[in-house]
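Good morning, and thank you for coming.

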Amino acid sequence: MSEQTAAPVPPRTTIQTRTTPMSGPIPRPGGAGRARRRVTLAALPAALLTLAVAGAAPGATAPEGPVPAAAPAALAAAQAAAPHAVRGRAPGTSRPGAFDAAPARAALERLLPHHARQFTLVPDPGTGAGADTFTVSGTAGAITVRGSTGATLLTGVGWYLQHIAGADIGWPGDSIGMLPAQLPAVPEPVTRSAQVPHRYALNDTDDGYSGPYRTFEQHQRQIDLLALHGVNEVFVQAGAEYPYYRALQRFGYTAEELRQWIPGPGHQSWWLLQNLSGFGGPVTEQLMRGRAELGGRIAEQLRGLGMTPVLPGYFGTVPPGFAARNAGAVTVPQGDWAGFDRPDWLDPSSPVFAKLAADYYAEQRAVFGDSAMYRMSPLHEGGQTGSVDVKAAAGAVQQALWAAHPGALWAVLGWQDDPTKELLAGVDTSKLLILDGLSDRYNRLDREARWGGAPYAMGTIYNFGGHTTTGANTSVWIDRFKAWRAKSDSALAGTAYLPEATGTNPAAFDLFTDLAWEPGPVDQRKWFAEFAGRRYGRPDAQASAAWEELRKGPYSTSSGLWSESQDSLFSARPSLTATGSAYWSPKSMRYPAGSVRRALDHLLKVDPRLRGSSAYRFDLVDTARQALANHSRVLLPRIKAAYEARDLALFRELTGEWAHREQQLDELVGSDPNFLLGPWLSAARAHGSDRAEQDRYEYDARSILSVWGRQSTSEGGFLHDYANREWSGLVSELYARRWSSYFASLEDALVRRAAPRAIDWHSFEERWARLTTRHPDRPSGDPYVLAAGIAASLPAVK
């Protein structure tokens with residue numbers, strides 16, 4: 001749950017669905033006929049696909065080469081293979097003779113609507129001797145990208161934008177408005193191959209902390225960005241509750257019981273991790289069916305690009321009373337997780353487990369299709385083994401997976417003590433991938449010795465809970481990726497992009513995903529200088545100076561204890577001795593605060609012609625926000641000193657400044673769409689069919705940001721403010737009011753010369769979580785004027 005103890009954080013073979021009294025299974029997205037036609041095209045031999053799209057010009061999607069006649073036998077073979085082609089391809093396995101590049105073309109049209117026609121995308125699955133590879137070439141206005149998969153075609157486009165066109169499509173913010181009408185030529189063809197087969201993305205918690213009520217279009221944008229940055233394996237959580245809901249009704253549970261057991265979408269990440277159940281619910285069947293349809297569309301979108309949808313696997317989570325309702329079942333109580341009662345664990349060695357797992361995978365297949373990779377972490381963050389033989393249980397989990405999906409890869413999170421030696425001893429580790437969430441956090445790590453040579457991906461969790469703090473241990477990434485790959489016994493097989501929430505720190509996202517595609521060592525200083533140039537569309541001395549300051553400061557923090565920088569005191573539960581907002585966040589600055597303050601001054605001096613992009617706006621607001629957040633650590637000790645000296649006048653002056661700074665902060669972040677509370681709440685309410693359901697889902701969305709859970713978990717489990725973030729609306733409606741109430745109590749105490757009155761903070765925060773007040777969905781105010789005002793009012797630094 002913490003950085004110390006792990007955060008709450010911390011895929012068609014036909015199987016006939018059995019008839020049940022519940023409503024029928026959800027049809028595959030697009031309908032079976034449409035899916036089959038799409039798959040048939042993907043399975044066609046290269047010659048036939050060439051016939052279909054020959055004569056491509058810039059803006060087209062076509063393979064190159066001669067066009068032989070199509071043999072009827074080849075066509076029949078392609079059609080026969082089609083029903084199985086939706087399976088996710090395991091990295092490194094042989095590719096089909098051709099693939100449909102139309103999904104990549106569609107993504108390109110979304111990413112570059114005014115320039116997509118200047119690209120020709122050429123499917124070239126035979127390149128790279130198994131490694132994903134792209135080649136970029138072409139003249140001005142006619143760029144050709146050849147690639148081994150649809151996603152790799154987009155990675156090639158991303159490389160071109162970064163290294164030739166000098167533009168950035170970040171997460172968030174872009175500078176594509178600065179692109180010339182005619183794209184520049186590629187001086188000479190450039191080929192890049194992935195240095196590792198696995199480029200995995202998304203923490204188990206991403207859905208909860210980045211947006212559990214997102215639309216398909218928002219997920220689609222996320223997939224486009226991941227493909228553009230070289231990712232090929234993506235965790236798909238949306239709708240993961242539906243296979244449980246369907247399957248468990250055949251094991252003694254009513255639909256109503258299961259709707260009470262399954263949490264609201266904002267808290268489902270931790271239910272899948274076997275940490276809790278029920279909170280934020282009950283959910284409706286309509287909600288679950290909608291989320292399952294969404295998840296199925298996400299999986300299909302990934303498959304269309306040749307990416308692997310990583311689906312949740314089944315490892316034994318069951319509702320209360322399972323053993324009493326199913327003869328021969330053995331369950332193990334899992335105890336407590338941060339004050340929540342964990343769901344029971346069904347012993348995977350029991351015959352009932354195999355039956356339930358088979359039903360689960362059948363229901364999952366009906367909606368999500370098949371995959372080559374499944375995500376499971378048994379005994380995550382302190383689960384109890386009881387009398388279960390962990391080695392035998394791990395083997396049974398893998399066998400149940402293979403019974404449904406022969407040879408599928410099991411992805412397990414490397415976190416705290418997991419995976420244990422006992423678990424690894426029970427499985428075929430050649431079909432396992434450890435997603436190392438601690439690669440950049442601690443020192444003296446030997447992953448080969450720790451995991452007995454099992455394949456692993458070097459990962460990073462530089463964001464916890466969706467905090468808006470800036471920074472990452474980027475120099476650690478660069479040094480370790482090079483050194484760990486060079487080891488004689490290296491088992492490094494990939495990268496794992498694992499922030500608990502995505503959509504923050506675009507520089508960190510760009511740099512980490514670059515590692516897997518750079519053939520030589522990455523020079524951190526050179527990388528940031530080039531990033532500054534493309535981030536705003538062309539080189540600028542002030543932009544370069546700003547990013548050099550950020551590089552030296554928040555993006556050069558060291559390993560040893562933390563992988564995330566400190567959060568803000570403005571978002572902390574009030575106390576004169578507060579050192580952080582989230583219980584497990586760093587308690588002090590991890591870099592010199594002056595670096596961010598100087599970066600803000602430089603960004604304000606960037607050429608006015610470069611200030612119109614969403615990239616510049618986001619970076620300016622984010623840097624000014626961080627400068628204010630850092631100032632909170634200077635201001636609070638001064639308030640404490642004034643209170644202890646009983647200097648009422650100074651206390652009033654300083655607490656007045658604190659309130660002013662919070663108002664500045666709320667107005668500043670209200671000027672950029674990435675820092676608004678309104679869309680977060682509106683999305684939740686949009687999923688409710690009536691007022692009561694809307695209010696329930698809004699509570700789910702608000703509580704994850706504040707109290708997190710019920711009082712015993714918020715207080716006893718220290719979960720309150722775990723997902724703190726400096727968003728407009730959240731600052732003004734919760735954080736500022738909280739501090740105002742606190743300072744009023746202290747001022748009253750000074751006046752009365754008495755002890756300050758106690759405040760029940762959980763009740764205060766719970767009342768906020770139960771509100772249904774509306775907040776703007778669109779930004780307001782001029783970000784430049786607001787940032788300049790903050791810079792002018794903050795102390796200057798050398």
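I begin with a definition: an axis is a line fitted to C-alpha atoms, for a helix over the stretch in contact, and an angle runs from 0 to 180 degrees between N-to-C directions. Helices (H or I, at least four residues) and strands (E, at least two) are DSSP runs, numbered from the N terminus. This is a predicted model, in which local features need pLDDT of at least 70 and side-chain atom pairs count only at pLDDT 80 or more, while totals for chains, interfaces and linings use all residues. Residues are numbered from 1 along each chain as its sequence is written, and side-chain values use heavy atoms, with hydrogens and water left out.

Let us turn to helix packing. Two packed helices are described by the angle between their axes and the distance between the axes. Helix H4, residues 102–111, packs against H5 at an angle of about 35°, and their axes are 8 Å apart. The crossing of H4 past H5 is right-handed; a crossing has this name if the near helix is turned clockwise from the far one by less than a right angle, and is left-handed if anticlockwise. Which residues of H4 and H5 meet? On the H4 side they are Ala104, Ala107 and Leu108, and on the H5 side Gly150, Leu153, Leu154 and Val157, where contact means heavy atoms within 4.5 Å. This contact of H4 with H5 has six nonpolar residues, one polar and no charged. In these classes, Ala, Val, Leu, Ile, Met, Phe, Trp, Tyr, Cys and Pro count as nonpolar, Asp, Glu, Lys and Arg as charged, and the others, Gly among them, as polar.

A second pair is helix H13 (residues 351–368) with helix H14 (residues 390–404), which pack at an angle of about 40° with their axes 9 Å apart. H13 is therefore oblique to H14; angles under 35 degrees count as roughly parallel, over 145 as roughly antiparallel, 65 to 115 as roughly perpendicular and the rest as oblique. H13 also passes H14 in a right-handed crossing. Phe353, Ala357, Tyr361 and Arg365 of H13 meet Ala396, Val397, Ala400, Leu401 and Ala404 of H14. The contact of H13 with H14 has eight nonpolar residues, no polar and one charged.

I now come to the empty spaces. Rolling a probe the size of a water molecule over the atoms shows where empty space is left. On a 1 Å grid over the protein atoms alone, a cavity is a set of points where a 1.4 Å probe fits but cannot get out; a pocket is an open set with protein on both sides within 12 Å along at least five of seven lines; and lining residues have an atom within 4 Å of a point. Grid points are joined across faces, edges and corners, and a volume is the space filled by probe spheres set on the points.

How much space lies in the largest cavity? The value is about 190 Å³. Its lining has 19 residues, with Gly158, Trp159, Gln162, Leu228 and Asp514 nearest the centre. Helix H5 (150–165) and helix H18 (506–514) are the elements that give two or more residues to this lining, and H5 gives the most, with six residues. The lining of the largest cavity has seven nonpolar, seven polar and five charged residues.

The second largest cavity holds about 130 Å³ of space. Among its 16 lining residues, Leu202, His219, Gln222, Phe235 and Gln237 are the closest to its centre. Helix H6 (206–210), helix H7 (216–228) and strand S6 (233–235) are the elements that give two or more residues to that lining, and H7 gives the most, with four.

The largest pocket has a volume of about 1,100 Å³. Of its 38 lining residues, Ser210, Arg214, Gln218, Pro673 and Asn674 are the closest to the centre. H6 and H7 return here: together with helix H22 (614–644) and helix H24 (678–685), each supplies at least two residues of the pocket lining.
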